Amino acid sequence: MQRWFFLEERKIQKTKPERKMSEPEPEQKAELISQQWQFSVTVPDINPLKEKVFVTGNTPELGEWDYTKIIMMDYDEASNLWLKTLTIPNTYEVLYRYAICFLNENLNDVFIRKWETNIHPRMIKQTMLHPTQDVFGEYDKKQGISTGWLTNQTLIQFKFSNNPLQLKSRLAERLINIKVTPVKLFFGTEPHIEESSLSTDTTDTELPAGVLVEVATLANDPNICHLKPQEQFGREYKLNDVLLVNVTTPNPKQLAYLIDFYSYSSRAASEDPPCHVGYTYVLPNMFKPSEGNLELPVTCNVKHRPLGTVNFGYLIVCPMQEKLCNLQVSYAKYWDSSWTGLEVGHRGLGASFKTKEGNAIRENTIASLKKAAASGADLLEFDVQLSKDMIPVIYHDFYVCISMKRKKEIEFTEMLELPVKDLTLEHLQKLKVYHLVEGRSKETLFFDDDLDEHQPFPTLEDALKAIDIHVGFNVELKWTMEMNDGTFELNNPFDMNTYVDKVLEVVLKHAGERRIVFSCFNPDICTMVRNKQNKYPVMFLTVGITNKYQPYRDPRCLSIPAAVQSAVSSDLLGIVVHTEDLLRDPTQVKLATDAGLVIFCWGDDNNDKDTIKKLKEMGLHAVIYDKLDQYITKEVKESIFLVEARESQREIMRLAAFEDLHPPGSSSSLQTIESENRPYFDLSIRERIQQNSTATSLESLASSMDLRDEAPDKNLKRNREIISVIDKESQVKEQRMSFQGLFPAGDNSLGLSKKSRTIENDRKDM
């Protein structure tokens, strides 16, 4: 490795004072700005032949959190440790994490299987002189391990539900095991498979390099609900089960899939293997780009005659083309214990077309979002879909109305309903577009054409830039769902991978340090968002048991218990449930929290102060409701994330002042106040704060907020006079700049100078 000039040891030049002959020669000291450091970690449950351990961190030597530059460690069989010695700087604290990866030598690529995801990474402090032995996933008395995301590999998910097997009568009542085996394709010949795949041999089939097969059955038993490696004879399928088989592969086009069906004989002993009943093949050219369903014949294993059919769905999750994620931090499964009963503004300040008492400000507009933020919302919920030119826009309904002019008539009396996806952003923002309620009733409800922030179809990027960064976003991805009668909410949508990629690109590029939570009614969209990126959490929206809405066909959407099981199997943060179902059976809150999930709620029932209070007392982490400016009970109209940022800044200032008074090495050094409760912060913040006065960075926050409440207007027609433009001062411009960087996201301030440690000349280099 090339030695960098700034990492070399250098002598401190000092002017030698005059000394007497009897005085001994003063000891010279050298300043050590770098040293050799041995990283060592023990990793249980790893196969050193197939998987490797890597280390990454905030220094150039550790790859600066870039997953393409992570450092592979060496396995020492004698000590059962993974080791790597690297040069690290001593001029600032070194942050690092470990990851378990598969190294694809053919593609010269690394696939991340698991990695450490504690919010605070491991730290080598300036005062540390000797390395420690780490345990993968365990530090700071916490455990934090998450599965990797799709970097260059693809996920193919097979979904067996709604009793997919239709077999001959003699097999119809028997329990069947289903196994999916990826096999290499050799073009021009039959697919190459091992003999054991077509028999009851006890030898497992060797999977192609880099391929991982995991299985989950949606059930209350966590042992089968969590994804686990597929067993030799697959997973048993029972009546009304939902069985998911995930295949992760770097070369999806070079694989076919053998689906085997096994059944235990009624006369078999407990140690006997099951009988191989039949099989079917799935070739890669049978798949559509993102999702679909297949119905295939099941062939008898012995006589090679048809036994029946199998019907299953599939989902293909491709990696994002642009590399926008790294290993610095992940909030995918993070939720602070103090975040309970959060106030979430529904479509901003609330839905404005459902009732005659709708809000005076149009829903899902910048004005509505700003007003809700100024009223104290912790999160803002809104809906995102794509325009025809694939720009993410904020709008709830799949369709809009456009006024059409008949021949020989002057007035525009006809309303044409068009999908949002068929209109470009320019069409949506410049044409006179009506909501479906306005189009069908032929009654205009808003007269706000000359107020820019009140216009429908703001882009997602505009919202990220316009709203104060300390207000979180609950981004609902609008995607068509199949109803129980076989119809769809929207026909011929975009390709699912394309849709999700376009939304994620905008958020990952422009969200900065804003708290983001994704949600969707479609469980496949949730699976996609969870696997395409590693930074933001995903929550599964569900209607559950209801009398208000037509149910969906997907069994994962039909109840809160099913939603819990789906969220657990997909490794989501939590669920967003319909309050109607929750009030019917409040014990379902405990069902979700006992599964380790965060739970929000939505619905018209939430638009009542007493109900909101009751839901918070039930333990809901957040409540989504309309008219937040009227129903919110906060005394100080601020987001919880703004309050936390203010407290974090005060603590950083206190620590910075303490370090100035007590430099390292003194008896009252910072070590005396360090504890497990010490906040984690970016060192660059300290330098920035020293340049700002306390009055500017603290007291001005509250005074800059516009807390004026706007009186509700009951009139259905919202004239321009009753629509007050949201005061720009409510966006708290000053604290947006003062607090950027305060949320824990690692430390990139590599050039920040701190006091270097010194060593005596006779000390050996480490």
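A cavity here is a set of points, on a 1 Å grid over the protein atoms alone, where a 1.4 Å probe fits but cannot get out, and its lining residues have an atom within 4 Å of a point. Grid points are joined across faces, edges and corners, and a volume is the space filled by probe spheres set on the points. By this rule there are seven cavities of 30 Å³ or more.

This is a predicted model, where local features need pLDDT of at least 70 and side-chain atom pairs count only at pLDDT 80 or more, while totals for chains, interfaces and linings use all residues. Residues are numbered from 1 along each chain as its sequence is written, and side-chain values use heavy atoms, with hydrogens and water left out.

**View 1. The whole protein, before zooming in.** Start with the 17 helices and 38 strands of the protein; helices (H or I, at least four residues) and strands (E, at least two) are DSSP runs, numbered from the N terminus. Of its 766 residues, 53% count as buried, and buried means under 20% relative accessible area, exposed over 50% and partly exposed in between (1.4 Å probe, protein chains only). The protein exposes about 36,600 Å², with carbon and sulfur atoms supplying 50% of that; the areas come from the Shrake-Rupley method with a 1.4 Å probe, and for residues only the protein chains shown count as cover. Take the contacts (heavy atoms within 4.5 Å) between residues at least 6 apart in sequence: 71% of them join residues at least 24 apart.

**View 2. The second largest cavity.** What is the volume of the second largest cavity? It comes to about 110 Å³. The lining has 13 residues, and nearest the centre lie Gln385, Lys421, Lys478, Leu490 and Phe494. Sorted by type, the lining of this cavity has nine nonpolar, two polar and two charged residues. For that sorting, Ala, Val, Leu, Ile, Met, Phe, Trp, Tyr, Cys and Pro count as nonpolar, Asp, Glu, Lys and Arg as charged, and the others, Gly among them, as polar.

**View 3. Phe518 in the largest nonpolar core.** A nonpolar core is a set of buried Ala, Val, Leu, Ile, Met, Phe, Trp, Tyr and Cys residues joined through side-chain atoms within 4.5 Å. Which residues touch the most other members of the largest one? They are Phe518 and Ile575, out of 106 residues in this core. Helix α7 (residues 496–510) gives the most to this core, with eight residues. Not counting residues up to four places away in sequence, Phe518 touches Asn474, Val475, Leu477, Val503, Leu504, Val507, Val529, Tyr536, Pro537, Val538 and Met539. Apart from this core lies another, of 32 residues, among them Leu167, Leu294, Val298 and Val310.

View 4. Most residues other than glycine have a negative phi. Phe457 isn't a glycine, yet has a positive phi of about 65 degrees. Look for Phe457 in the loop between α5 (436–441) and α6 (460–466). Is Phe457 buried or exposed? Phe457 counts as buried because its relative accessibility is 1%. Asp45, also not a glycine, has a positive phi of about 55 degrees and sits in the loop between β3 (34–42) and β4 (52–57). With a relative accessible area of 78%, Asp45 is exposed.

**View 5. Lys432 and its contacts.** Lys432 is in the loop between α4 (425–430) and β31 (433–434). At 33% relative accessibility, Lys432 counts as partly exposed. Setting aside neighbours within four places in sequence, Lys432 is in contact with Cys401, Ile402, Ser403 and Asp449. Lys432 and Ile402 are 30 residues apart along the chain, with 6.7 Å between their C-alpha atoms.

**View 6. Ser338 and Ile640.** Here the loop between β25 (306–317) and β26 (342–346) holds Ser338, which is partly exposed at a relative accessible area of 40%. Leaving aside neighbours within four places in sequence, Ser338 is in contact with Ile640 and Glu644. Ser338 and Ile640 are 302 residues apart in sequence, but their C-alpha atoms are 9.5 Å apart in space.

View 7. Gly596 is in the loop between α11 (588–594) and β36 (598–602). Gly596 counts as exposed because its relative accessibility is 55%.

Conventions. 1 Å grid on protein atoms, 1.4 Å probe; cavity = no way out; pocket = protein on both sides within 12 Å on 5 of 7 lines; lining within 4 Å.
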